[in-house]
Amino acid sequence: MAELSQFNALSPADAEHELLACCAAPAWAREVAAGRPYRDVLALRAAGDRAARHLTWDDVARALSAHPRIGERPAGDDRESTWSRREQAGVAESAKEALAEANRAYEERFDHVFLIFATGKTDAEMLAAARARLANDEETERGVVRNELRKIALLRLERLVS
């Protein structure tokens with residue numbers, strides 16, 4: 001996708017398909033696609049933000065299933081894999097074992113992948129966040145996860161049309 005005008009011109013099904021690379025929750029993709037045409041990227045971003053705030057926990061869990069573990073960069077050539085590798089650029093090879101252990105502990109505690117808005121963060125920052133979030137209760141952590149997912153979706157949404 002290169003421009004907002006191209007995104008606005010897509011069929012509803014094609015728009016939803018493109019949006020699923022930003023957030024793998026079909027409800028989010030449907031809501032954002034249904035709001036087209038958008039006059040500018042700010043309007044699109046606002047719609048993405050609203051849609052993210054409407055997601056149920058089941059929607060969030062579905063979106064989480066599309067995210068790799070921090071430190072495990074996907075090998076695919078699809079847009080989502082490419083974006084994920086870019087977002088996790090701060091993960092050094094030397095930190096992968098510590099992150100793998102933090103991922104295991106987190107998944108045992110919360111039964112889903114550890115999600116963090118990784119763009120601009122170092123591996124040490126992500127590791128510290130994973131360890132700190134283990135102290136959260138389930139409700140608090142779900143709120144954190146929702147916010148992290150929202151931030152990732154909005155970043156990717158801007159990338160989709162730029």
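Which residues form one aromatic cluster? Y106, F110 and F114 do, and they are the subject of one of the close-up views below.

This is a predicted model, in which local features need pLDDT of at least 70, side-chain atom pairs count only at pLDDT 80 or more, and totals for chains, interfaces and linings use all residues. Residues are numbered from 1 along each chain as its sequence is written, and side-chain values use heavy atoms, with hydrogens and water left out.

**Figure 1. The chain as a whole.** Let's get our bearings before zooming in. The protein chain has 9 helices and 0 strands; helices (H or I, at least four residues) and strands (E, at least two) are DSSP runs, numbered from the N terminus. Of the 162 residues in the protein chain, 47% are buried. Here, buried means under 20% relative accessible area, exposed means over 50%, and partly exposed lies in between (1.4 Å probe, protein chains only). Among contacts (heavy atoms within 4.5 Å) between residues at least 6 apart in sequence, 68% join residues at least 24 apart.

**Figure 2. The aromatic cluster of Y106, F110 and F114.** A pair of aromatic rings is described by the distance of the centres and the angle of the planes. Rings of Phe, Tyr and Trp (its six-membered ring) pair if their centres lie within 6.5 Å; planes under 30 degrees apart count as stacked, over 60 as edge-to-face and the rest as tilted. The structure holds 2 aromatic pairs. In the pair of Y106 and F110, the ring centres are 4.8 Å apart and the planes stand at 45 degrees, so this pair is tilted. Y106 and F110 are 4 residues apart in helix 7 (residues 96–110), which means that about one helical turn separates them. Y106 also pairs with F114, this time edge-to-face, at 5.2 Å centre to centre and with 70 degrees between the planes. Both Y106 and F110 are buried, and F114 is buried too.

Figure 3. Take a look at N103, which is found in helix 7. Is N103 buried or exposed? With 2% relative accessibility, N103 counts as buried. Leaving aside residues up to four places away in sequence, N103 touches R69, I70 and F114. N103 and I70 are 33 residues apart along the chain, and their C-alpha atoms are separated by 7.4 Å.

**Figure 4. Helix 7 against helix 8.** Two packed helices are described by the angle between their axes and the distance between the axes. Axes are lines fitted to C-alpha atoms, for helices over the stretch in contact, and angles run from 0 to 180 degrees between N-to-C directions. Helix 7 and helix 8 pack at about 25 degrees, with their axes 9 Å apart. That makes helix 7 roughly parallel to helix 8; angles under 35 degrees count as roughly parallel, over 145 as roughly antiparallel, 65 to 115 as roughly perpendicular and the rest as oblique. A98, L99, A102, Y106 and F110 in helix 7 meet partners in helix 8, among them M126, L127 and A130.

Figure 5. D111 is found in the loop between helix 7 and helix 8 (123–133). Its phi is near 65 degrees, a positive value in a residue other than glycine. Most residues other than glycine have a negative phi, and most peptide bonds are trans. At 71% relative accessibility, D111 counts as exposed.

**Figure 6. R36 and P37.** R36 lies over the face of F7, at 5.6 Å from the ring centre; a charge sits over a ring if NZ of Lys or CZ of Arg is within 6 Å of the ring centre and within 35 degrees of the ring normal. Which form does the peptide bond from R36 to P37 take, cis or trans? The bond is cis, with omega near 0 degrees. P37 is found in the loop between helix 3 (26–34) and helix 4 (41–53).

**Figure 7. Helix 4 against helix 9.** The axes of helix 4 and helix 9 (residues 138–160) come within 10 Å and cross at roughly 150 degrees. That makes helix 4 roughly antiparallel to helix 9. Residues of helix 4 including V41, L44 and R45 meet R150, L154, L157 and E158 in helix 9.
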